[in-house]
Amino acid sequence: MVKERKEEGNNAYREDFEEENEIRESEPEEEEEAGFSFRGFCEETASLLITAYLFIVFCLYPFYLKDGYTDVGKEKFNFYKVMTIGGFGLIIPLVLLCIFFRIRDKYGNKGGETEAFRKIRFSVTDWAVGAYGVSVVVSYLCSEFKEMALWGERGWNMGLLTQIAFVISYFLVAHFWEYEEKLLLVFMGAATVVFTLGVLNRFSIFPIQVQGANNGCLSTLGNINWYCGFWAVLFPVGFIMYWCGEEIWIRALALLCTMIGIATGVSQGSNSAFPVFAGLYIFTFCLSLNSRKKIRRFCELVILFFATCQGLRLWRVLRPEAFDFYEGTLSDRITISRATLFMLLAMCVVYLLVCLAGRKKATDGKTYKMIRQIAILAVVVIIGVYIFLLILNTRVEGGIRFMGKLSALVFSSEWGSARGATWSAGAEIYRNMHGWKKFIGVGPDCFAMYLYTLPDLAKTVIKQFDGARLTNAHNEWLTVLVNQGIFGFISYGGIFISAVVRFISGAEKALKGRKKYLYIFALSAFAYTIHNIVSFQQILSTPFMFLMLGMGEALIKEQEDALF
């Protein structure tokens, strides 16, 4: 009884507090209606221009092709460069005016300029993004390869100017954009069109004829690794929208988008999609354990995964020659396997039990907490055991009995689609760096430039990759460590760790309303991080990720008393 009264009191207090906030928020609106406000005009115009920029990036940029897949990376980057320079040219002057007006109006009578700047409030994520920007600049200034470091490697273009564009775009969205939830639906729709084309292409259907088409390229994005990077950022939007959405029509759209996202993730060909699937489902499961409704929806998402796999299998049975990818790959195996059918049937039974359990007395919160802890512990143990077996099986001559011939348990140059070779090269580069280079790096996107100054390592890499130029370690974190050093590595890691923690925390505290969609931005950052453990920064994923982080930050900053 005491606990119930306390909760009623807290609810009453919360309602009074929200009502009071609404009254306070309505007062300045009435004042603004009385006359034209130049500050208000600047704020609104900046937000609208940022919205237009977001729309171009998420809804037009993915579909841009000039000469088909010929130099698609270069052409995509040129489009991104032009729209970003043009967009920033319009937005930044307005933003500077907004900063001036915010400082003047908020702190003009409270101690002057020094006090105003002392009171600037940045979040942990803001500071991490800012520190990363500083690390990029410092790395460039101290680099021996300034010409390359300015724009980056041809076809990759992850140099100084591109990295700074990422940082600026984050701050513009996070601090000067008025969060608009419906825009997420538009982005989800555009991504779904891209994913639909990807599924059709994989099954030899080409609604759009693209010059240079082959089974290593998909949709309007090109290389399957680049395609998968884009998918990792945008797929969680529909996935989480279905999981935590309220409106039936939104959840129906999200269900369709998630189904197509699963279909293309499973079939596109890059193995890096499967760690993303595993990470998303495990993370969502842990977040679902405090609500029966979320548990049911999680079960529905698992059922959807296995059902989609069986749908792809049926497609392959009806059109055996349609699937256009290499035999023996994970995508090939999972889209023809019966295993997902048995898992689908088992999951339907679990779902039925969950629904029946929902009619009984509510489960104690301690039970949910225990299940979550067991799930997390199980994941840690599985990963730990795998790493232990990998190390042991690699070091023991001939390998462990019954395991010595399993390529997944032997770390060599062929391990993980040649990730063994690229990771070893990245680690060797860092080991050969001296003094301050280990702290500040060799320069933005200068991984290859420095690599080929090391004769012995260069010979090994040239031999392993048949003369192909190795431009990164195919591990984003290792590549950042080489390019921007420990300073860049720590600040870059801080961006994603702080964002995921803060967004999840903000979503968990939100009883209702739009802030629950912070889950989307948290899981998008998490999926991108998981994916890029075996991948890299590139122009079709990283710009989207920084903008998604900015959108999440804009949402979490709503109604906060912050200068920027």
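I call a residue buried under 20% relative accessible area, exposed over 50%, and partly exposed in between (1.4 Å probe, protein chains only). This is a predicted model: local features need pLDDT of at least 70, side-chain atom pairs count only at pLDDT 80 or more, and totals for chains, interfaces and linings use all residues. Residues are numbered from 1 along each chain as its sequence is written, and side-chain values use heavy atoms, with hydrogens and water left out.

**Cysteines.** I searched the whole structure for disulfides (cysteine sulfur pairs within 2.5 Å) and got 0. I checked C244: buried, at 4%. C286 is also buried, at 8%.

**Salt bridges.** My criterion was a side-chain nitrogen of Lys or Arg within 4 Å of a carboxyl oxygen of Asp or Glu. The whole structure holds 12.

I looked at E43 next. Which residue does E43 pair with at 3.7 Å? It is R39. Both sit in helix α2 (residues 38–60), 4 residues apart, about one turn. Helices here are DSSP runs (H or I, at least four residues), numbered from the N terminus. E43 is buried at 17%, while R39 is partly exposed at 28%.

E43 also bridges to R102, at 2.8 Å from N to O. R102 is in helix α3 (residues 72–107) and E43 in helix α2, so this pair ties together parts 59 residues apart in sequence. R102 is buried at 11%.

I then found R251 with E300, N and O 3.8 Å apart. This pair links helix α10 (residues 248–267) to helix α12 (residues 292–318), 49 residues apart. R251 is buried at 17%.

Last, I noted a salt-bridge network linking D126, R502, E553 and K557.

Methods:
Helices (H or I, at least four residues) and strands (E, at least two) are DSSP runs, numbered from the N terminus.
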